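Biologist: I would like to learn how to read a structure like this one. Could we go through it feature by feature?

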Amino acid sequence: MRRLRRSTLTGTAAVGCLLLLAACGHGPAPAAEDAAASTPVRAAQAPALLPVPHGKGSEVPDDFNGDGHRDLVLDTLVTAETHTDDAGIGIVYGSPRGLVPGARQLLTPKKYAAPTEGQLPAVFEAEASCDLDGDGFTDLVVTTDPPYDGQGRPPVPLQLLFGSPSGPTGRAVPLTIPDKARYGNDWPERPVCGDFDGDGAQDLVVHASAGRLSHLRGPFTREGAPRRAGAAIPSPGEAPAGPAADVNRDGYDDLVVRVSAGPGKAALVLGGPDGPARTGVTLPAGVDIALGAFGRGKALDAAVGTPDGTALRFDLPTAARGTLGTPGSMLDAADFDGDGLSELVSSGSGVRVYPGRGTGPTTRGAVTVRPASTGTTRVLTAGDFDGDGLADLVLRTSRGDTKDSVEVHRGSAKDLVTARAAVTFSTAQFLTS
């Protein structure tokens, strides 16, 4: 669960405002029936490029232009041919009615990355997003591949792209990690946003090495420096994983830390005045972890996906145990029907949504979501894209490097998620941006 590109929404935050369509009087989002016939679309069939709506700042997550409507980050884009360089990062902007495929922006390393020793990076990948400087516009944390000769401590590969009324507009700046906040000679990576010290500003936690994390306290300057950073914090694992959430509702964000990158054991690390410095509970070994309000307890819960089933831990960090008798290698959580409980999404081999109940998610009434296109499907994110109070499910189906389809399936009080996508487009549209 490292990447922003397939973020897992958490509990009450899972119903965050992902509103969307072109605020400047543009027409409604294309209906699925209009787009399905041309999916995957060729670049020539991409919707006309529309101006990015200008906002004044908001508290909506992933709102890079600050207009009050959540936007979609696309970290993997199709290319004109296979085995080409990194195409960059795509943003599709939102409106009161949903995503607007025409209101899009392509962030290429050539135009938006900061050079290191005069060299532009070949890698430019979205890792996390939050309002790091507190100005009401979401900022993007990206990872790059700066030159390194293997001697001594490697450079910081992370860069910050700051939002504005028209989205990210200038070049990124390298993230500053003070020497005292680093530990060992590992690459600092795996950034996770959250207010871990409870001061109201967004912080960053990144991997240090040898079971330590760097806690960078926000707000951040436009030069990429944190307000403050102490010595690296001892941790029960090497790999912080987002998104963060205040699982025990004490005013401090908490995060999951894996023992190592990839499948394996993990722990919940609790935030506090000193940052994420206290282990709350050890979680079972698994492939993926989703945090959500799966039961009717006072705290959030965890679902841990394994090839053999899904382990549940309720009321974190006390962690009463439960199970869901179905494999769940890749997991997400969001409230699709508006009842205040999180549904569990499993997308290991096919996408299934399991209803939330007072005693936890159940296989009864589960919904299978079948994309209109064939290929490999994964969940990009989940949240309220159309402003109706119900989370929506965003899927991407790809066939190789040159064809794909992105679908937004709306949440439904009756059916959990709609069978037909409300918005369908291909990331091939960015080839014309």
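This is a predicted model: local features need pLDDT of at least 70, side-chain atom pairs count only at pLDDT 80 or more; totals for chains, interfaces and linings use all residues.

Biologist: How many bridges join strand β21 to β22, and in which sense do they run?

Modeller: There are 4 bridges between β21 (residues 331-334) and β22, and the two run antiparallel. On to the next partner: β22 is joined to strand β23 (residues 351-354) by 3 bridges, again antiparallel. There, serine 346 stands opposite arginine 352 in β23.

Biologist: What lies between the strands in the hairpin of β22 and β23?

Modeller: The hairpin has 4 residues between its strands. Glycine 350 takes a positive phi there, near 100°.

Biologist: How do I read the two faces of a strand?

Modeller: In a regular strand, side chains alternate between the two faces of the sheet. Now take β22 (residues 343-346). Glu343 and Val345 lie on one side, Leu344 and Ser346 on the other. All four are buried, so both faces are covered.

Biologist: Which strands form an open sheet, and in what order?

Modeller: The order is β4-β5-β6-β7, with antiparallel pairing. β4 and β7 are the edge strands, each pairing on one side only. Within that sheet, β4 and β5 pair over 5 bridges, in the antiparallel sense. For a residue-level view, glutamate 125 stands opposite threonine 143 in β5.

Biologist: How many residues does the largest nonpolar core have?

Modeller: It has 18 residues. Leu160, Leu175, Leu204 and Leu216 have the most contacts inside it. At least two residues of this core come from each of β4 (125-130), β6 (158-161) and β9 (203-207).

Biologist: What is leucine 216 in contact with, beyond its neighbours in sequence?

Modeller: Leaving aside residues within four places, its contacts include Leu175, Ile177, Pro178 and Leu204. Asp203 and Arg228 are also among them.

Biologist: How do I describe a pair of aromatic rings?

Modeller: By two values: the distance of the centres and the angle of the planes. A search of the whole structure finds 1 aromatic pair. Tyrosine 148 and tryptophan 187 form it, 5.3 Å centre to centre with 80° between the planes. Planes over 60 degrees apart count as edge-to-face, so this pair is edge-to-face.

Biologist: What sits over the ring of tyrosine 183?

Modeller: The charged end of arginine 212 does, 4.0 Å from the ring centre. Arg212 is also touched by serine 235, along with Gly211, Leu213 and Val257.

Biologist: Is serine 235 buried or exposed?

Modeller: Buried, because its relative accessible area is 15% and the cut-off is under 20%. Serine 235 lies in the loop between β12 (233-234) and β13 (239-245).

Biologist: What about the chain as a whole?

Modeller: It has 2 helices and 30 strands. Of its 433 residues, 58% count as buried. The accessible surface comes to about 16,400 Å², and 50% of that belongs to carbon and sulfur atoms.

Note on methods
Residues are numbered from 1 along each chain as its sequence is written. Side-chain values use heavy atoms; hydrogens and water are left out. Buried means under 20% relative accessible area, exposed over 50%, partly exposed in between (1.4 Å probe, protein chains only). Contact means heavy atoms within 4.5 Å. Accessible areas come from the Shrake-Rupley method with a 1.4 Å probe; for residues, only the protein chains shown count as cover. Two strands pair if DSSP finds at least two bridges between them. A nonpolar core is a set of buried Ala, Val, Leu, Ile, Met, Phe, Trp, Tyr and Cys residues joined through side-chain atoms within 4.5 Å. Rings of Phe, Tyr and Trp (its six-membered ring) pair if their centres lie within 6.5 Å; planes under 30 degrees apart count as stacked, over 60 as edge-to-face and the rest as tilted. A charge sits over a ring if NZ of Lys or CZ of Arg is within 6 Å of the ring centre and within 35 degrees of the ring normal.
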